[in-house]
Amino acid sequence: MSDIDSCVLQTIVETANDHFFIVGGDGRVLDISPGAEAVYGLSREELLASSVQQLQAAGVLKPSITLEVMRTRRPAQLMQITGTGRRVIAEAYPVFVEGRLERIISRSRDLTDLQLLQDEYALLQKRFSEHLKRSHAAPDAEEQALDDALDNLQVRSHVMREIALLLKRVAPSDANVLMLGESGVGKTAFAKQLHRWSQRCDGPFIDVNCSAIPENLFESEMFGYQPGAFSGAARQGKAGLLEQAEGGTLFLDEIGELPLLMQTKLLKVIQDGSLTRLGDTRPRRVDFRLVVATNQDLAKRVEAGHFRLDLYYRLNVIPITLPPLRDRREDIPDLVEACLNRLNQRYGRQKILGNQVWSTLMGSEWPGNVRELENWLERAWLSSPTDQIETPAFHPHAEHPATNVANAPTSPKTSPIEPHETLKQYLARLEQQTFEELSTTLPSTYAIAERLGISQSSVVRRLQRYGISVTK
């Protein structure tokens with residue numbers, strides 16, 4: 001390294017807001033940034049005379065993220081307690097030379113700074129809420145305007161109308177929106193409606209299920225690549241999903257499943273407004289509105305070290321929590337009517353619901369929410385021999401989805417082999433039925449993989465083979 005490069009590196013380390021450790025492959029501390037002294041409670045000289053093994057044993061690092069990287073030889077992120085009692089979020093990256101682990105670069109941020117960011121965020125949320133209340137001067141007119149603008153959304157309950165009104169008010173802005181709620185509550189439908197209400201409605205709506213893309217393909221799919229970037233790359237290169245959302249809305253479903261490395265890259269795109277394709281050195285400007293969704297507790301994933309805290313705050317500008325269907329049964333009649341109209345149009349017959357069906361529809365818990373309701377209606381429609389749909393032999397789940405999946409009747413006894421059906425065809429049909437059932441009751445491809453004892457990539461391939469999607 002030249003003297004100039006050494007000076008540049010030293011300036012970066014000394015002036016960064018984060019606290020840097022540069023550690024050798026054997027654990028010896030080679031360099032630190034000045035601010036690390038106050039956070040870790042030792043002088044620069046004491047830290048440089050130590051190893052991470054000694055610092056962890058002395059309680060200065062609880063635990064040492066560098067030792068975790070040395071053990072796994074992979075990047076890591078975790079919450080750390082320092083010898084001074086401070087909580088920091090730390091991340092570390094290995095540096096390999098000809099396959100040898102030569103250096104580990106770690107950086108940490110005192111959560112005191114992030115607590116200030118959180119307090120500022122809470123203040124902005126309060127001011128935003130007060131602004132909405134002040135702007136809500138003509139409720140009757142606004143309610144009427146909402147009815148005229150709802151398109152295909154069925155919202156009759158008070159809580160869902162409040163959520164729809166909030167989305168309509170924030171739609172003209174470019175603020176990031178985080179949609180929370182159980183699997184199947186309609187997060188994708190509301191994200192699409194937000195896009196239609198926004199000033200970007202003429203642009204694309206790019207829907208990405210983060211759990212459905214294999215991790216080894218994630219970067220090329222999201223960021224795109226240049227010709228020849230890797231073996232098998234398209235000769236003309238490819239624009240990634242982030243670029244495809246230019247001028248429109250990017251909806252990232254299952255954001256909690258985003259790999260840590262991709263979280264870092266997404267955060268950089270949000271901060272800089274630009275990205276770099278694989279195999280390219282030229283950054284490209286991107287302009288899109290970001291909406292994300294999850295059925296997980298992101299705060300707990302941050303605590304567990306699986307989700308970046310700084311990205312969490314970037315995404316959680318306007319949080320929207322969609323309640324489960326069992327807490328808004330007033331919406332069921334409109335949802336049923338809309339679904340029945342779609343089924344009649346799709347299959348070319350005009351079927352109606354028998355009176356006794358309504359007691360089943362209104363009295364069930366619907367743990368799979370709107371998606372389960374729609375799937376149940378389609379099965380009932382298809383199994384009805386006449387134009388009046390009666391309550392079928394199968395009933396909606398009344399217990400927690402995981403309980404029902406564990407007891408789901410998927411054995412050959414409940415689905416006999418058809419005449420002239422070969423064993424291969426029969427097993428394929430059972431497999432397809434199993435994946436159709438699990439896709440309605442489990443929240444992600446990772447959950448399905450865990451349930452079946454197979455890899456997540458195998459689940460993705462089978463879902464693609466049968467044309468089944470797991471979406472929120």
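Four aromatic pairs are counted in this predicted model, where rings of Phe, Tyr and Trp (its six-membered ring) pair if their centres lie within 6.5 Å. Because the model is predicted, local features need pLDDT of at least 70 and side-chain atom pairs count only at pLDDT 80 or more, whereas totals for chains, interfaces and linings use all residues. Residues are numbered from 1 along each chain as its sequence is written, and side-chain values use heavy atoms, with hydrogens and water left out.

**Overall composition**

- Of the 472 residues in the protein, 46% are buried; buried means under 20% relative accessible area, exposed over 50%, and partly exposed in between, with a 1.4 Å probe and protein chains only.
- The protein exposes about 23900 Å², and carbon and sulfur atoms supply 52% of this area, as computed by the Shrake-Rupley method with a 1.4 Å probe.
- Among contacts (heavy atoms within 4.5 Å) between residues at least 6 apart in sequence, 63% join residues at least 24 apart.

**Nonpolar cores**

- A nonpolar core is a set of buried Ala, Val, Leu, Ile, Met, Phe, Trp, Tyr and Cys residues joined through side-chain atoms within 4.5 Å.
- The largest such core has 34 residues, and L250, L252 and I255 have the most contacts inside it.
- At least two residues of this core come from each of several elements, including β8 (205–209), β11 (249–253), α12 (260–272) and β14 (289–294).
- The helix α14 provides the largest share of this core, five residues.
- Leaving aside residues up to four places away in sequence, L250 touches I206, V208, L241, L242, A245, F288, R289, L290 and V291.
- A second, separate core has 22 residues, among them A164, V177, V291 and L322.

**Helix α10**

- Within α10, the residues F218, S220, M222 and F223 are buried.
- The buried residues of α10 pack against β8, β9 (224–225), α11, β11, α12 and β12 (274–275).
- Just after α10, G224 takes a positive phi of about 80°.

- R73 is not a glycine, yet R73 has a positive phi of about 60°.
- R73 is placed in the loop between α5 (65–72) and β4 (76–82), and R73 is partly exposed, with a relative accessible area of 40%.
- W366, also not a glycine, has a positive phi of about 50°.
- W366 is found in the loop between α16 (355–363) and α17 (369–383), and W366 is buried, with a relative accessible area of 0%.

**Charges over rings**

- A charge sits over a ring if NZ of Lys or CZ of Arg is within 6 Å of the ring centre and within 35 degrees of the ring normal.
- K351 lies over the face of W381, at 4.0 Å from the ring centre.
- R465 lies over the face of Y466, at 5.7 Å from the ring centre.

**Cysteines**

- The structure holds zero disulfides, a disulfide being a pair of cysteine sulfur atoms within 2.5 Å.
- C201 counts as partly exposed because its relative accessibility is 37%.
- C339 counts as buried because its relative accessibility is 4%.

Key: Phe/Tyr/Trp six-rings, centres within 6.5 Å; stacked < 30°, edge-to-face > 60°. Helix = DSSP H or I, 4+ residues; strand = E, 2+ residues; numbered from the N terminus.
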